[in-house]
Amino acid sequence: MTSTTLRRRLHHGDGGGKKNEQFDSLGSDDGLNEPLLGYNKYDDSDRVCTLEDVLDEGRRQERLHWTLLFSHLISQWAQWLANIVFVSGSLLGRIFPFASATQAGSTANLLPPLLSPLQEARLKHLKERLAIPFDGSFLDHQDALRQLWRLSYPDRPLPSLKSELWKEMGWQGSDPSTDFRGGGFISLENLIFFAKTYPESFQNLLHKRKGNRSEWEYPFAVAGINISFMLVQMLDLQSGTPSTLAGIRFLELLSEDDMAFDKLFCIAFEMLDAQWLVKRASYMEFNDVLKATRLQLERELALEDTSTVKDLPAYNLLRR
């Protein structure tokens with residue numbers, strides 16, 4: 001997907017140039033069709049060498065099945081052996097430091113891991129959540145939007161579901177439901193989880209309390225939708241079983257915490273804001289900041305001795 005060009009539009013009567021500010025997407029007839037990072041479907045067509053020249057289709061599929069199964073067993077055995085031999089501070093670990101390390105941020109596909117029943121159940125539940133689109137006609141989706149407002153502005157009256165006041169939270173227009181095309185209902189759930197679990201961090205980011213801010217700030221709510229979408233891509237959740245390094249490490253986190261995805265969302269939001277301030281970025285550079293956030297999070301997921309979300313260095317950015 002080519003980068004979307006953005007511009008700032010000032011409404012009539014907006015003398016200050018900020019309060020009623022709205023960002024529109026150019027090059028698209030209906031605004032933000034998907035998050036700023038393009039959606040690239042997972043494609044493993046070049047990962048397996050076919051045997052069509054010597055075997056018929058049925059025998060080929062059978063052989064591939066047994067080959068993959070055998071590879072899984074070898075992979076699990078190697079991982080078990082590595083955990084025993086290449087312990088932290090061991091002699092072999094010092095002689096062969098490359099043996100236990102994978103380059104951070106690598107996008108190479110690995111063999112999908114064998115999942116425990118708990119991991120399978122939690123991954124299935126997460127994918128069921130990811131498959132739910134946002135529908136503004138559903139009462140529970142409307143109630144979720146109202147809940148987000150109450151958590152964001154506990155001392156302010158609740159506006160109607162179509163109101164100019166929603167722009168203050170960082171929606172593109174007066175109807176928030178039009179901004180969910182790329183993220184789905186889970187992105188709203190992520191925002192609600194963030195507001196309930198880490199309210200201090202949520203309020204700091206919502207109100208842009210930290211650092212010297214840009215004149216053209218990123219819109220908070222739409223940024224959240226982009227982060228949810230980015231995590232789905234980064235963790236390879238659109239495939240059957242994640243096979244990227246980040247995706248496999250996420251499955252390990254998921255075995256320890258069924259809310260690992262939602263917590264990674266909160267961490268990624270804090271990381272994005274920190275990158276934003278370091279880069280002194282403006283809205284036109286949001287895509288670059290989001291990509292930098294993804295790379296940083298991939299590096300942290302690749303660190304050794306990371307078995308829970310709380311082990312990630314950036315977890316310390318969160319405040320309750």
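Analyst: In what follows, a helix axis is a line fitted to C-alpha atoms over the stretch in contact, and angles run from 0 to 180 degrees between N-to-C directions. The model is a predicted one. Two packed helices are described by the angle between their axes and the distance between the axes.

Of its 320 residues, 43% are buried.

The axes of helix 5 (residues 185-197) and helix 7 (residues 220-234) approach within 9 Å and cross at roughly 115 degrees. This crossing of helix 5 and helix 7 is right-handed. Helix 5 contributes Ser187, Asn190 and Leu191 to the contact, while helix 7 contributes Phe220, Ala221, Gly224, Ile225 and Ser228.

The buried residues of helix 6 are Ser201, Phe202, Gln203, Asn204, Leu205 and Leu206. Their cover includes helix 5 and helix 7, together with helix 4 (139-152) and helix 9 (260-278). Just after helix 6, Lys208 adopts a positive phi of about 55 degrees.

The loop between helix 6 and helix 7 holds a further feature. Side chains of opposite charge can pair when their charged atoms come close. Arg213 forms a salt bridge with Asp273, with 2.7 Å between the closest N and O atoms. Arg213 belongs to that loop and Asp273 to helix 9, so the pair links distant parts of the chain, 60 residues apart. Asp273 counts as buried because its relative accessibility is 3%, below the 20% cut-off. Arg213, with a relative accessible area of 22%, is partly exposed.

This pair is one of ten salt bridges in the structure. Elsewhere, Arg129, Glu189 and Asp262 are linked in a network of salt bridges.

Among contacts between residues at least 6 apart in sequence, 67% join residues at least 24 apart.

Methods. Residues numbered from 1 in each chain as written. Predicted model: local features only at pLDDT ≥ 70, side-chain atom pairs only at ≥ 80, totals over all residues. Heavy atoms only, no water. Helix = DSSP H or I, 4+ residues; strand = E, 2+ residues; numbered from the N terminus. Left-handed = near helix turned anticlockwise from the far one by under 90°. Contact = heavy atoms within 4.5 Å. Buried < 20%, exposed > 50% of the residue type's maximum accessible area, 1.4 Å probe, protein only. Salt bridge = Lys/Arg side-chain N within 4 Å of Asp/Glu carboxyl O.
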